[in-house]
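Q: I have a structure open and want a quick walk through it. Can we start with the helix, then move to the rings?

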Amino acid sequence: MSVFYVYEHWRLDRDECFYVGISWALEETRPFDMKYRNDAHLKIQNELLENGLVAEVRLIECNHLSKDELCEFEKL
């Protein structure tokens, strides 16, 4: 059985979440991979790096949701 996660990328300088994604297993590296992201995400990463900071990754286990429900949750 797969373990589903919602993951968030946070910028701690503003205490705000700037990205939400879903992952199918804890071993999956996507939540922690900051290299292949869209331009807006990369811009935030660069702003953080200029201030000596990095994005924080937060994992939330969501086994009570189906894959379809996770996809809808991610959109919200």
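Q: What should I know about the model itself?
A: This is a predicted model: local features need pLDDT of at least 70, side-chain atom pairs count only at pLDDT 80 or more, and totals for chains, interfaces and linings use all residues. Residues are numbered from 1 along each chain as its sequence is written, and side-chain values use heavy atoms, leaving out hydrogens and water.

Q: Back to the helix. Which residues of α1 are buried?
A: His41, Ile44, Gln45 and Leu48. Down the axis of α1 they fall within an arc of 100 degrees, so they line one face of the helix. The arc is taken from the directions from the helix axis to the C-beta atoms.

Q: Why would residues three or four places apart point the same way?
A: An α-helix has 3.6 residues a turn, so they do.

Q: And what covers the buried residues of α1?
A: The cover includes β1 and β2. Helices (H or I, at least four residues) and strands (E, at least two) are DSSP runs, numbered from the N terminus.

Q: What caps the N-terminal end of α1?
A: Asn38 does, with a side-chain oxygen 3.1 Å from the backbone nitrogen of Ala40.

Q: What comes just after α1?
A: Gly52, which takes a positive phi of about 75 degrees.

Q: New topic. How many aromatic pairs are there?
A: One. The rings of Tyr7 and Tyr19 have centres 6.0 Å apart and planes at 40 degrees, so the pair is tilted. Rings of Phe, Tyr and Trp (its six-membered ring) pair with centres within 6.5 Å; planes under 30 degrees apart are stacked, over 60 edge-to-face, and the rest tilted.

Q: Where do Tyr7 and Tyr19 lie?
A: Tyr7 is in strand β1 and Tyr19 in strand β2 (residues 16-23), so the pair ties together parts twelve residues apart in sequence.

Q: Is Tyr7 buried or exposed?
A: Buried, at 1% relative accessibility. Tyr19 is partly exposed, at 22%.

Q: Which charged end sits over the ring of Tyr19?
A: That of Arg37, 5.1 Å from the ring centre. The rule wants NZ of Lys or CZ of Arg within 6 Å of the ring centre and within 35 degrees of the ring normal.

Methods:
Buried < 20%, exposed > 50% of the residue type's maximum accessible area, 1.4 Å probe, protein only. Contact = heavy atoms within 4.5 Å. Polar contact = N/O pair within 3.5 Å; in protein donor to acceptor, adjacent residues only side chain to side chain.
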